[in-house]
Amino acid sequence: MTTILAIETTTELASAALFVEDQMYVRELSGVQTHSQGILPAIQSLLTEAGISLADCNAIAFDCGPGAFTGIRTACGIVQGLAFGADLGVIPVISLHAMALAAAQQSSMTDYVCVLDARMNEVYWAHYRFSGNECVELSPPTLSRLDGVLLQDYAPQVLVVLGNGLELPSHLAHCAHVKFMPHAVQVAKLGLFGFHAGLSVAPEYAQPLYLRNKIALTTVERSIAKASM
């Protein structure tokens, strides 16, 4: 029996999930400001409901990004602290991969181009292909403008997976699309796969996936961006 604790704090809806004995226990928190205060009580609530302790888990999976910088840092800090204290390994999960899995569980498509709002007129995106239980990353997580989201020429069955606040860009208008956000349930499932694949790492390697070094625009840059819209 493998038990995986998972947390997702990179979006406005934080979540925690516990996979144990083929059951999934879930908690959700709305409001970014509640993430750091609410995620630990949510985790404790999950463990209590399942009747286990943190030390009974095999590993902790977490959304390492890309996503909101504060949320990613929150996840890394919490996971490191919990994992060090309970002597557990950690499994980083990419937010866009979690979105792709959520869509794949409800679709017969093979390819999923996942897109998250990165602010400052940019998006994070990646392209995944599912074949049975296997998933191949065709385009790695990338930061670009929305019109820079690209499809592989050899991807005839593509579902575009959009995060909150995004609309399908005109150059992808021929594609079907759905809306999903990263969630701890998919983080737990990917964490379970990662654990059995030997991808668990030491707590100090619970690090953010940052695709952008600069996280804020200056006043001048904001004015230029506004004028170009």
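**Close-up 1. Aromatic pairs in the predicted model.** Search the whole structure and two aromatic pairs turn up; keep in mind that this is a predicted model. One of them is phenylalanine 69 with tyrosine 210, a tilted pair with 5.2 Å from centre to centre and 50° between the planes. Phenylalanine 69 sits in helix H2 (residues 69–86), while tyrosine 210 sits in the loop between helix H4 (184–196) and helix H5 (219–227), so this pair ties together parts that are 141 residues apart in sequence.

**Close-up 2. Tyrosine 112 and phenylalanine 130, an edge-to-face pair.** Here the ring centres are 5.6 Å apart and the planes meet at 85°; angles over 60 degrees count as edge-to-face, so that is the label this pair gets. Tyrosine 112 belongs to strand E6 (residues 111–117) and phenylalanine 130 to strand E7 (residues 123–131), so the pair links parts 18 residues apart in sequence. Both tyrosine 112 and phenylalanine 130 are buried.

**Close-up 3. Where helix H3 packs on H4.** Helix H3 (residues 95–104) and H4 cross at an angle of about 100°, and their axes are 9 Å apart. That makes H3 and H4 roughly perpendicular to each other. On the H3 side, look for His97, Ala98, Leu101 and Ala102; on the H4 side, the contact comes from Gln186, Val187, Lys189 and Leu190. Sorted by class, the contact of H3 with H4 has five nonpolar residues, two polar and one charged.

Definitions and conventions. Residues are numbered from 1 along each chain as its sequence is written. This is a predicted model: local features need pLDDT of at least 70, side-chain atom pairs count only at pLDDT 80 or more; totals for chains, interfaces and linings use all residues. Side-chain values use heavy atoms; hydrogens and water are left out. Rings of Phe, Tyr and Trp (its six-membered ring) pair if their centres lie within 6.5 Å; planes under 30 degrees apart count as stacked, over 60 as edge-to-face and the rest as tilted. Helices (H or I, at least four residues) and strands (E, at least two) are DSSP runs, numbered from the N terminus. Buried means under 20% relative accessible area, exposed over 50%, partly exposed in between (1.4 Å probe, protein chains only). Axes are lines fitted to C-alpha atoms, for helices over the stretch in contact, and angles run from 0 to 180 degrees between N-to-C directions. Angles under 35 degrees count as roughly parallel, over 145 as roughly antiparallel, 65 to 115 as roughly perpendicular and the rest as oblique. Contact means heavy atoms within 4.5 Å. Ala, Val, Leu, Ile, Met, Phe, Trp, Tyr, Cys and Pro count as nonpolar, Asp, Glu, Lys and Arg as charged, and the others, Gly among them, as polar.
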